[in-house]
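I opened this notebook to record what I looked up in the structure. The entries follow the order in which I consulted it.

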Amino acid sequence: MGNIDYECPHRVSVPPSKPFFKSLKSGLKETLFPDDPFRQFKNRPASRKFLLGLQYFVPILEWAPRYTFEFFKADLIAGITIASLAVPQGISYANLANLPPIIGLYSSFVPPLIYAMMGSSKDLAVGTVAVASLLISSMLGKEVNPNENPKLYVQLALTATFFAGVFQATLGFLRLGFIVDFLSHATIVGFMGGAATVVCLQQLKGILGLVRFTHATDLVSVMRSVFSQTHQWRWESGMLGCCFLFFLLLTRYFSKRKPAFFWINAMAPLTSVILGSVLVYLTHAEKHGVQVIGHLKKGLNPPSLSELAFGSPYLMTAIKTGVITGVIALAEGIAVGRSFAMFKNYHIDGNKEMIAFGMMNIAGSCTSCYLTTGPFSRTAVNFNAGCKTAVSNIVMATAVMLTLLFLTPLFHYTPLVVLSSIITAAMLGLIDYEAAIHLWKLDKFDFIVCMSAYVGVVFGSVEIGLVIAVAISLLRVLLFVARPRTFVLGNIPNSVVYRSIDQYPIANSVPGVLILQIDAPIYFANASYLRERISRWIFEEEDRLKVSGETSLHYVILDMSNVGSIDTSGISLLEEVKKIVDRRGLKLVLVNPRSEVIKKLENAKFIENIGQEWIYLTVGDAVAACNFMLHTSKSNLGVEYNSQDDNV
C-alpha cells in the first residue's frame, strides 16, 4: 500500500549533522549554562572582563556604587530589627545543636558579612536555623557525647560546617544546582514540618527543666524520656515556659492581624530574654531548678582553623553531616530567597547563591561559627522592616559585634526555658498544614511525598525522613520516565485539530485510522512498556471496530511531537512496532519526529525502512494522506468489482 499519488504540503526535514565536539559543547551548555552567564563577557576588553568577573562573584561591587543614603536609612532600621531577633535565636539554636551559646552569636557575625558581599538576594537575612542545628545534634551526637567530650564535639561541628561550605561552593562553581531540585516543594513542606515537630518535642527538656534527656529525635523516644522522668519535672520552669510561649504566640498573632506592627513580633524574643533574665536575677530562680545560660565569654570570634578535625577518627561522620546539612541549608536558603525576590520582582542566581553560602560557611568554620543559611523567620522580618539591600546584614552583624564586645555578661541569667519557648514559637510557624491541605487538593502523590517525609522524620529520624522523601520523589520521576502516557487522538469537529479523546469527549475517531500520541522521550527504561502499550491499543481498537461493525483498521499514526529524544532501545521499539503492524496488514505512519529523533532514525536506516513518504509534519497531513489512500483503495476496489460483473 503506498501513497505515491498523494501530495503532502510539507515534509519533515532531517537537520544537517553537526561535528561530535560541537554537539557535545552545545549539550553541556544547555545542561550547565541555561542562563548563558558568559553573554556579558562577549566582545569586551580584557580589563572589562576582569571587572565583570569580579562583579559576578562579588555582587556588592556591582550595586555599591549606586547605593544611596535613602537605602541606608531603610537598611539601618531593618538591620537593627533583625539583630534583635538574631541574638536570642543565635543563642537558642546553638543550644539546640548542643553547642556553647556563644557560638550561636559568633555565627551571626562573620557569615552575614560574607553573604552581604557575595549574595545576590536583597532580602535574605543570614543566620543559624533550627533544622540544621537539630541535624548536627542528632548526627554528631550519635558518635560523640557533647557533655562528656565537648571540645571534640565542637571541633566536629566546625569541621562539618567546613565540608558543608565546600560542598555548597563546589555545586555553585560546577553549576550543579539542579541537584538541589530533587528536593521538591512537597518534600520540603513535609520535611520542614516534621523537623519542626521534632524540634518542638525536644524543647520539652528545657520547658520541664529536665537535666537528662534522650539524644534520639523520634516521637516514641522523646515521649518515653519525658514521661519516665515525671518526678524530675520542675513546675517553676514549666510555668515560666508556658507564660513566655503564650506571650510569643500572642505577639505573632497580633502582628499577623496588624502587619504594620510586625516589629512587635520581631522584638518579642529579645523582650522575652530580657524579662526572663531580670525575673531570674530578682527571684534567684536558678536556685530553684530554673537552668540559666551562665557565663558567656566576651570578645569577637576567635580563629578556629586549627580546630578543624581533619585527622579525627570521626572525620567521615563530620563529612556526612556537612553534606546533608549543606543540602538542606541550600534548599531552604534558595527557596526563601526566591520567594521574597518574587515580591520585589527581581531575580537571584541559584548558582551564585550556592557560592555565597559555601564561602560564608567556609569562612565561618574558620572563625568559630557553625552552619548558617537564610532562615524564613528572620528574612520575613527583614523584608517587612523595609530592607533595600544586603547592607541590612552588615548592620545586623555590627549589632551582634557590639553585643559580643560589651553585652554578653548580661545574658548570664537568661533562663534556658525562655530559649526553649523562643524555639518552640518559631518552629510552630514552620508546620505548614495549609500547604499540606493544598497539596492534597492539587496532587495526591505530592501529598503522599509530603506526609512520608513528615512521618519519617517524626517517627524515625531526620535522616530517615529525608531519605524516604527523596526516594519517593525519585520513584515518581522514574515512574514518569518508565511509564509515559500514551493517548488516542480524535478530530475536534469542524476543525483540523486533533486532541486526546479522554480530555475532549467531543473529538471523533477517524474511520480506519488509529492515532496515538507518545508523551515522553523514548528510552531503554520505557521502550518495553511502550511496545506492549501500543500493541494493546491496536488490539483494543481492532476488537472495538469488529464489535461495532465500523470500517476495519488500516493505519496506525504515531504522533511524536512530544518525543524530545530517543536512544537505541527506542529505535528498536519503533522497528518492533513496525513489524507488529506489518504482520496485521496495517501501515505505520510517523508524525513530526523532533530534530534529534529524526537524525537518529535516519542514521539507523529506519526512515529508509518505513519510507520517507510515511512521515508527516502534522497529524492533519497524515490523516489526509490516509483518507486519500482509503478512498483510492475503495474506488479501485469498486472498479474491479464492476469489471468482474461485466465479464460475468
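Entry 1, terms and source. I take buried to mean under 20% relative accessible area, exposed over 50%, and partly exposed in between, with a 1.4 Å probe and protein chains only. The model is predicted, so I note that local features need pLDDT of at least 70, side-chain atom pairs count only at pLDDT 80 or more, and totals for chains, interfaces and linings use all residues. Residues are numbered from 1 along each chain as its sequence is written, and side-chain values use heavy atoms, with hydrogens and water left out.

I counted rings of Phe, Tyr and Trp (its six-membered ring) as paired if their centres lie within 6.5 Å; planes under 30 degrees apart are stacked, over 60 edge-to-face, and the rest tilted. The count by this rule comes to 15 aromatic pairs. I looked up Phe 340 and Phe 383: the ring centres are 5.2 Å apart and the planes stand at 50 degrees, so the pair is tilted. Helices here are DSSP runs (H or I, at least four residues), numbered from the N terminus. Phe 340 belongs to helix α14 (residues 315-344) and Phe 383 to helix α16 (residues 376-384), so the pair ties together parts 43 residues apart in sequence. Is Phe 340 buried or exposed? I found Phe 340 buried, at 6% relative accessibility, whereas Phe 383 is partly exposed at 23%. I also recorded one aromatic cluster formed by Tyr 56, Phe 57 and Phe 173.

The charged end of Lys 352 sits over the ring of Tyr 56, 4.8 Å from its centre. For Lys 444, the charged end lies over the ring of Trp 440 at 4.7 Å from the centre.

I found 16 residues in α15 (residues 350-365), with a reach of 22 Å from first C-alpha to last, close to the 22 Å expected; the expected span is 1.5 Å times one less than the number of residues. Of these 16 residues, 13 are buried, and α15 is mostly covered.

Where is Asn 345 placed? I located Asn 345 in the loop between α14 and α15. Its phi is near 60 degrees, a positive value in a residue other than glycine. Asn 345 counts as exposed, at 72% relative accessibility.

Terms used. Helices (H or I, at least four residues) and strands (E, at least two) are DSSP runs, numbered from the N terminus. A charge sits over a ring if NZ of Lys or CZ of Arg is within 6 Å of the ring centre and within 35 degrees of the ring normal.
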